[in-house]
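Please read this briefing with the sequence and the model side by side.

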Amino acid sequence: ALEQCEAGKFFPAQEGGLHDPIAPDDKPNALPPLDGEIASLGNLSGQILDKPSQNWRKHQVNGGEILEVTWFFTVNHLIRRWNYFITKQDWDPSRPLARDQFERNPIFVVQVNLQPFSKHSEAMMPPSPSVHQVPLPKRDGYHVLLAVAEMADTSNALYQVVDLDFPRQSSIGEPPSTPSNLRATAVSNRSVALAWEASKGPYPIEIYRITRN
């Protein structure tokens, strides 16, 4: 693990001195990481992370599911937002990570709109741990998730990369149909009972995941 995982915020921007468009009083950004150094952030001790390898541990995931991401903070900073980026479907894993291998827009954003940050320091201090439920898009095979926590009170962001392994589509067969007619059958001040028409597919449905928003 890197001891220093900071670089200029506002990825995928490639220049420094930029101001946050929704919070102009935040500190302008330093230079974001260069292409080919997105994993190491230019740290000499972490250059091996920029080299593609089949030896990295990959988290087994499925497209469309929720990935729980947990942040632990050892230094107090005021976080403006978290951005989560993922590699494109046709990215090239043999190349070091570069901007053109990621979707330009984040797949998930957690944002704090309080401003100016100097008057909301307590509210903008993230708890440790901070947990996010990140919905994953449909993908096939090996992909990389880039998580970026942008600070309001400094020019930098915290960068982390996570290796993901999605099952090959040919190995999972036809997906089940989408459940229909979701409805509440009983409502109290403490609970809601739900019912729906079951999915249909070539194999038994073992579990349903219910999410809100």
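**The nonpolar core**

The largest nonpolar core contains 34 residues, and those with the most contacts inside it are Trp-71, Tyr-84, Phe-102, Leu-146, Tyr-159 and Leu-164. A nonpolar core here is a set of buried Ala, Val, Leu, Ile, Met, Phe, Trp, Tyr and Cys residues joined through side-chain atoms within 4.5 Å, where buried means under 20% relative accessible area, exposed means over 50%, and partly exposed lies in between (1.4 Å probe, protein chains only). The model is predicted, so local features need pLDDT of at least 70 and side-chain atom pairs count only at pLDDT 80 or more, while totals for chains, interfaces and linings use all residues. Residues are numbered from 1 along each chain as its sequence is written, and side-chain values use heavy atoms, with hydrogens and water left out.

- Two or more residues of this core come from each of β3 (66-71), β4 (79-86), β7 (141-151) and β8 (156-166); strands are DSSP runs of E with at least two residues, numbered from the N terminus.
- β7 gives the largest share of this core, eight residues.
- Apart from this core lies another one, of five residues, among them Leu-78, Val-112, Phe-117 and Ala-152.
- In soluble globular proteins, nonpolar side chains tend to be buried together.

- At least two residues of the nonpolar patch are supplied by each of β9 (180-187) and β10 (192-197).
- Leu-194 sits in strand β10 and is partly exposed, with a relative accessible area of 37%.

- Asp-20 is placed in the loop between β1 (6-8) and β2 (59-60), and it counts as buried at 2% relative accessibility.
- The side chains of Asp-20 and Arg-81 are joined by a polar contact of 2.7 Å, a polar contact being a pair of N or O atoms within 3.5 Å of which, within protein, one must be able to donate a hydrogen and the other to accept it, and residues adjacent in sequence count only if both atoms are side-chain atoms.
- A polar atom of the Asp-20 side chain also lies 3.3 Å from the backbone nitrogen of Ala-23.
- Lys-9 is found in the loop between β1 and β2 and is buried, with a relative accessible area of 1%.
- Lys-9 and Asp-20 are 11 residues apart in sequence and 9.5 Å apart in space, C-alpha to C-alpha.

How values were computed. Helices (H or I, at least four residues) and strands (E, at least two) are DSSP runs, numbered from the N terminus.
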